[in-house]
Amino acid sequence: MADEELEAIRRQRMAQLQEKHGNSSNDQQGQQEAKQRENDIRNTILAQVLDQSARARLSNLALVKPEKAKAVENYLIQMAQFGQLGGKISESGLIEILEKVSQQTEKKTTVKFNRRRVMDSDEDDDD
């Protein structure tokens, strides 16, 4: 009798684990589908906004500097959503936008020297 009860408990626990694992894989699959839909929408908007040479330049930039390419894509999508773009952007227009984004995200390095005043010979001169 104890073996049958133990086996029933095992089956229940296995069913719970399988159900839990199945739900997490469904969540992951749903997240992947949502991400794919977002990428499709982004690509559609960019295809409407950029001409062929500008898209090629942006994809080359994405290979080298993905963060900067993502920032430019976000900028273009935002401009398109607010209706600030008049027609398709050419490669030269994209270069101007790239320069703007580069200026905004440019990192400035500063170096600060802190010199310690240990055994400064000027202070001890009481001659």
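**View 1. Leucine 50 and its surroundings.** Leucine 50 is in contact (heavy atoms within 4.5 Å) with Arg55, Leu58, Leu76, Lys88, Ile89 and Leu94, when residues up to four places away in sequence are not counted. This is a predicted model, in which local features need pLDDT of at least 70 and side-chain atom pairs count only at pLDDT 80 or more, while totals for chains, interfaces and linings use all residues. Residues are numbered from 1 along each chain as its sequence is written, and side-chain values use heavy atoms, with hydrogens and water left out.

**View 2. The whole protein.** Read from the N terminus, the order of elements is α-α-α-α. Of the 127 residues in the protein, 16% are buried; buried means under 20% relative accessible area, exposed over 50%, and partly exposed in between, with a 1.4 Å probe and protein chains only. Among contacts with a separation of 6 or more, 67% are between residues 24 or more positions apart.

**View 3. The largest nonpolar core.** A nonpolar core is a set of buried Ala, Val, Leu, Ile, Met, Phe, Trp, Tyr and Cys residues joined through side-chain atoms within 4.5 Å. The largest one here has 16 residues, and those with the most contacts inside it are Leu50, Leu58, Val72, Leu76, Ile89 and Leu94. Helix 1, helix 2, helix 3 and helix 4 are the elements that give two or more residues to this core. In soluble globular proteins, nonpolar side chains tend to be buried together.

View 4. Helix 3 has 16 residues and spans 22 Å from its first C-alpha to its last, close to the 22 Å expected at 1.5 Å a residue; the expected span is 1.5 Å times one less than the number of residues. Its buried residues are Ala69, Val72, Glu73, Leu76, Ile77 and Met79. These residues cover an arc of only 160° around the axis, so they lie on the same side of helix 3; the arc is that of the directions from the helix axis to the C-beta atoms. Glu67 and Gln81, on the other side of helix 3, are exposed. Just after helix 3, glycine 83 adopts a positive phi of about 70°.

**View 5. The salt bridge between arginine 42 and glutamate 73.** A salt bridge is a side-chain nitrogen of Lys or Arg within 4 Å of a carboxyl oxygen of Asp or Glu, and by this rule there are two. In one of them, the side chains of glutamate 73 and arginine 42 meet at 3.0 Å, N to O. Glutamate 73 lies in helix 3 (residues 66-81) and arginine 42 in helix 1 (residues 2-49), so the pair ties together parts that are 31 residues apart in sequence. Both partners are buried: glutamate 73 has 16% relative accessibility, and arginine 42 has 11%. Apart from neighbours within four places in sequence, arginine 42 touches Lys70, Glu73, Asn74 and Ile77.

**View 6. The salt bridge between arginine 57 and glutamate 91.** Here the side chains of glutamate 91 and arginine 57 form a salt bridge of 2.8 Å, N to O. Because glutamate 91 belongs to helix 4 (residues 91-104) and arginine 57 to helix 2 (residues 52-64), the pair ties together parts that are 34 residues apart in sequence. Glutamate 91 is partly exposed at 28% relative accessibility, and arginine 57 is partly exposed with a relative accessible area of 34%.

Methods: Helices (H or I, at least four residues) and strands (E, at least two) are DSSP runs, numbered from the N terminus.
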